[in-house]
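Q: Could you walk me through the aromatic part of this model, and then the sheet beside it in your notes? I'd like a close look in plain words.

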Amino acid sequence: MIKLLDDFVVLVLKFIIKISTENLQLTANKEFYVIGDTVSISGEATSNISNVNLKVIDPNGDILKMLQAKIDDNNLFSTSFKIEKPFFPLAGDYEIIAWQSQSSQDMSSITITIGVTGFDS
């Protein structure tokens with residue numbers, strides 16, 4: 001039996017499927033900073049289900065700062081912090097580690113260098 005098109009009700013369902021990145025991606029706005037600079041961190045998360053947690057580790061291995069960044073609908077995030085002498089007294093390489101879960105694909109890290117006037121690294 002053949003029916004005409006106007007005899008049918010067409011139902012269109014819209015599904016939004018977000019294809020996630022394979023690994024959490026993390027970048028800083030530059031590699032070298034001095035006291036007074038602002039470090040801007042951005043990246044792409046594996047999903048937008050949970051926030052991205054970040055920690056800043058000094059050259060001695062001590063955690064100096066913990067941050068949390070909200071993720072938008074496109075799985076993108078950003079946050080920033082200012083380099084202040086009382087909190088960043090050492091010159092050298094600082095590691096920034098970001099994660100969403102304990103899975104290795106949900107973790108990433110970058111290294112930034114901070115030069116502090118009057119101190120050697």
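A: Let's start with the ground rule for aromatics: rings of Phe, Tyr and Trp (its six-membered ring) pair if their centres lie within 6.5 Å, and planes under 30 degrees apart count as stacked, over 60 as edge-to-face and the rest as tilted. Bear in mind that this is a predicted model, where local features need pLDDT of at least 70, side-chain atom pairs count only at pLDDT 80 or more, and totals for chains, interfaces and linings use all residues. Residues are numbered from 1 along each chain as its sequence is written, and side-chain values use heavy atoms, with hydrogens and water left out.

Now, the structure has two aromatic pairs. Phe81 and Phe88 are stacked, at 5.9 Å centre to centre with 10° between the planes. Phe88 also pairs with Tyr94: the centres are 5.5 Å apart and the planes sit at 55°, so this pair is tilted. Put together, Phe81, Phe88 and Tyr94 make up one aromatic cluster.

Phe81 is buried, as is Phe88; buried means under 20% relative accessible area, exposed over 50%, partly exposed in between (1.4 Å probe, protein chains only). Phe88 comes in at 1%, and Tyr94 is buried at 0%.

On to the sheet, where strands are DSSP runs (E, at least two residues), numbered from the N terminus, and two strands pair if DSSP finds at least two bridges between them. Three strands form an open sheet in the order β1-β3-β6, with antiparallel pairing. Its edges are β1 (25-28) and β6 (76-82), each pairing on one side only. Strand β3 (residues 38-44) runs antiparallel to β6 over seven bridges, and Ser42 has Ser78 in β6 as its bridge partner.

Notes. Helices (H or I, at least four residues) and strands (E, at least two) are DSSP runs, numbered from the N terminus.
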